[in-house]
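Let's take a friendly walk through this model, from its overall surface down to a single side chain. Have a look at the sequence and the structure first.

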Amino acid sequence: MYSNSASSGAAIQGTGKVINCTFYGNNAKEEGGAISGGGSILNSIFYKNTAGGKENDIAATGSMEIDYSLVNYLTGAANFGSHNLIMS
């Protein structure tokens, strides 16, 4: 998902399952440059997403499970599997 804009969760807002996705250059005014919500993320890449003018890929607002993914900036709490790359 590329270059989406919204107040919150520019690419996805809510709870669901994300598998094999790339999120690049999404921009939210408030939180969750790419995603705002909960659910699970598997084998996905997040790069250069912003929220409120700051780097932010995910705003975890519910139960969030992340594994086999590259995440640069996350706000909130998430359960990380042992196979992630976290860059900040």
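## Surface and burial

The protein chain exposes about 4,800 Å², and carbon and sulfur atoms supply 51% of it; accessible areas come from the Shrake-Rupley method with a 1.4 Å probe, and for residues only the protein chains shown count as cover. Of the 88 residues in the protein chain, 38% are buried (buried means under 20% relative accessible area, exposed over 50%, partly exposed in between).

This is a predicted model: local features need pLDDT of at least 70, side-chain atom pairs count only at pLDDT 80 or more, and totals for chains, interfaces and linings use all residues. Residues are numbered from 1 along each chain as its sequence is written, and side-chain values use heavy atoms, with hydrogens and water left out.

## Fold and dimensions

The protein chain has 13 strands and 0 helices (DSSP runs numbered from the N terminus: E of at least two residues for strands, H or I of at least four for helices). The radius of gyration of the protein chain, taken over C-alpha atoms, is 11 Å, close to the 12 Å that the globule rule gives for 88 residues, so the chain is as compact as a globular protein of that length (the rule is 2.2 Å times the number of residues to the power 0.38).

Along the principal axes, the C-alpha atoms fill a box of roughly 30 × 20 × 20 Å.

Where does Ile45 sit? Ile45 belongs to strand β6, residues 45-47. Ile45 counts as partly exposed because its relative accessibility is 40%.

How values were computed
Buried means under 20% relative accessible area, exposed over 50%, partly exposed in between (1.4 Å probe, protein chains only).
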